[in-house]
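The sequence and structure come next.

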Amino acid sequence: MLARPDTRHFAPSKRGEAVGPFIVMDVVKAATERAAKGLPVYHLEIGQPGTGAPRRAQEAVLAAMQASPLGYTTSFGREDLRQGLARHYQDFYGVNVDPERFAVVAGSSAGFNLAFIAAFEAGDRVAMASPCYPAYRNILGAMGLEVVEIPVGPEDRFQPSVAHLQAALEQPGGLQGLILASPSNPTGTMVSPKTLDEIARFCHDQGIRLISDEIYHGLSYGAKEATALASSPSAIVINSFSKYYSMTGWRVGWLIVPEDLRRTIDRLQANMFICAPHIAQVAALGALDARDELEALKQTYASNRDTLLAMLKAAGVTTMAPPDGAFYIYADIGHLTQDSVAFCARLLDETGLALTPGVDFDPVRGQHFVRFSFCGSAEDVKRGADAFLHFVRKRQLNS
Ligand SMILES: Cc1ncc(COP(=O)(O)O)c(C=O)c1O
């Protein structure tokens with residue numbers, strides 16, 4: 001008989017243990033528990049359209065399930081999907097991209113892992129704005145990379161500039177990478193095409209690998225989005241079917257891979273994931289033809305954005321940068337709290353409104369910010385807005 005293994009010396013790795021939580025998921029859990037008790041909940045916490053995959057994607061999936069065994073695809077994905085994506089870049093940005101440079105991946109989250117391993121050595125320093133999407137710093141930390149946070153605020157429209165990068169480059173260890181998200185999560189702000197071009201060229205010239213997270217492209221409420229691809233041959237572009245295409249759970253996105261990383265990323269994808277889920281690739285191909293349906297969703301987000309901006313003004317929340325794109329507002333509630341986690345817990349408990357505390361995106365200054373996500377239905381956003389205003393007014397009366 002085998003002796004019982006002695007597990008006293010086992011422990012999680014330090015780099016695994018160091019990974020921070022994804023606080024929005026704690027809010028989702030609390031909101032779900034509240035809903036299970038039959039209490040009302042207004043979901044303005046998670047960045048997930050409630051609408052599901054567009055009709056054309058669903059039709060493509062039903063047809064493919066009857067017609068094909070849906071086995072593995074090549075590691076970079078179906079040829080017809082990569083050609084469809086190349087046509088999209090021509091139509092939307094007027095940029096010519098070789099379909100061979102597209103790697104279809106299991107959501108942009110898988111894309112980050114592939115890009116970071118392919119582009120960086122352990123110990124390399126990678127910059128990003130703070131506040132930012134928390135998985136950037138958490139994945140980099142788990143891989144033994146150093147996160148260089150660039151604190152930005154409403155005065156910078158929450159985006160970094162070449163001056164910030166120059167300062168980071170002059171620090172000991174220099175700078176090997178930059179993650180730029182435009183529109184950004186949690187702020188929805190964008191860099192102008194001119195600033196993007198300056199940043200992309202600066203990075204290329206200084207040997208800083210630019211990773212351009214373009215997942216919220218398609219969701220802009222005025223300014224036209226530009227892609228880093230047009231300004232830099234060394235940038236890695238990351239995008240996904242999760243947001244504009246309303247397909248979070250399908251786990252499908254894409255990288256546009258610079259020539260020098262193509263073989264490396266191909267080998268990494270083949271070893272780590274083999275390929276993105278084939279059925280999701282079929283759905284993605286259908287979604288590329290669903291523009292009318294998706295533009296109608298964007299109209300709902302635009303009117304939700306107006307509802308929330310008007311409500312925040314009425315609630316006296318004035319420090320924020322109105323979002324150019326995505327479906328988020330990052331609002332400074334410093335006059336109401338210095339503990340955004342406790343504030344959000346109380347708000348959910350008293351009103352049913354679920355928001356994400358700012359500490360998910362900026363562990364320090366996020367104590368006095370909350371993020372509103374407005375990709376839900378117009379009714380939910382309106383009820384959530386009323387609940388917030390009522391809660392704030394009651395608090396002001398009692399203080
Ligand atoms: C800025 C940003 N990048 C990436 C992701 C991850 O998306 P995916 O579903 O494609 O993995 C998110 C999800 O919220 C996000 O906000």
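## The antiparallel sheet

An open sheet of 3 strands is arranged in the order S9-S12-S11, and its pairing is antiparallel. S9 and strand S11 (356-357) are the edge strands; each has a single partner strand, so one side of each lacks a neighbour in the sheet. The structure is a predicted model.

S11 is joined to strand S12 (residues 369-373) by 2 bridges, and the two run antiparallel. In this pair, Pro357 lies opposite Val370 of S12. Strands of a sheet pair through backbone hydrogen bonds, in either a parallel or an antiparallel manner.

## A parallel pair

Strand S3 (residues 125-130) is mostly covered, with 6 of its 6 residues buried. S3 runs parallel to strand S4 (residues 146-151), and 6 bridges join them. Within the pair, Ala127 stands opposite Val148 in S4.

## Helix H11

H11 has 24 residues; from its first C-alpha to its last it reaches 35 Å, close to the 34 Å expected at 1.5 Å a residue. Its buried residues are Leu297, Tyr301, Asn304, Arg305, Leu308, Met311 and Leu312. Which elements do the buried residues of H11 pack against? They pack against S9, S12 and helix H13 (378-398). S9 and S12 also belong to the open sheet with the order S9-S12-S11.

After H11 comes Gly316, which has a positive phi near 80 degrees.

## Domains and their contact

The domain assignment of the protein gives domain 1 (14-52 + 292-398) and domain 2 (55-289). The centres of the two domains, taken over C-alpha atoms, are 25 Å apart. In the contact between them, 35 residues of domain 1 meet 29 residues of domain 2.

On the side of domain 1 that touches domain 2, helix H1 (14-17), helix H11 (291-314) and strand S9 (328-332) each supply at least two residues. H11 gives the most to this side, with 7 residues. The residues of this side of domain 1 comprise 17 nonpolar, 10 polar and 8 charged.

## Helix H8

Helix H8 (residues 193-206) has 14 residues, which should span 20 Å at 1.5 Å a residue; the C-alpha atoms at its ends are 20 Å apart, in agreement with this. Leu196, Ile199, Ala200 and Cys203 are buried in H8. These four cover an arc of only 95 degrees around the axis and therefore lie on the same side of H8. The face turned away from the buried side carries the exposed residues Lys194 and Asp205.

The buried residues of H8 pack against helix H7 (162-169), strand S5 (177-181) and strand S6 (209-213). Gly207 follows H8 and has a positive phi, near 75 degrees.

## Gln281 and its surroundings

Gln281 is located in helix H10 (residues 278-287). Is Gln281 buried or exposed? Gln281 counts as buried because 24 C-beta neighbours lie inside 10 Å, where the cut-off for a buried residue is 20 or more.

Apart from neighbours within four places in sequence, the contacts of Gln281 are Thr73, Gly77, Arg78, Leu81, Val104, Val252 and Ala276. Ser75 is 206 residues from Gln281 along the chain, and the C-alpha atoms of these two residues are separated by 12 Å.

Most residues other than glycine have a negative phi, and most peptide bonds are trans. The peptide bond between Ser182 and Pro183 is cis, with omega about -5 degrees. Another cis peptide bond runs from Asn185 to Pro186, with omega near 20 degrees. Pro183 is in the loop between S5 and H8, and Pro186 is found in the loop between S5 and H8 as well.

Leu70 is not a glycine, yet has a positive phi of about 55 degrees. Leu70 is in the loop between helix H3 (55-67) and helix H4 (79-93), and counts as partly exposed because it has 14 C-beta neighbours inside 10 Å. Ile274, also a residue other than glycine, has a positive phi near 65 degrees. Ile274 is in the loop between helix H9 (262-272) and H10; with 13 other C-beta atoms within 10 Å, Ile274 is partly exposed.

Note on methods:
Residues numbered from 1 in each chain as written. Predicted model: local features only at pLDDT ≥ 70, side-chain atom pairs only at ≥ 80, totals over all residues. Expected span 1.5 Å × (residues − 1). Buried ≥ 20, exposed ≤ 12 C-beta atoms within 10 Å, placed from the backbone. Arc of directions from axis to C-beta. Contact = placed C-beta atoms within 7 Å. Domains from an automatic or database assignment. Nonpolar A, V, L, I, M, F, W, Y, C, P; charged D, E, K, R; others polar. Pairing = 2+ DSSP bridges.
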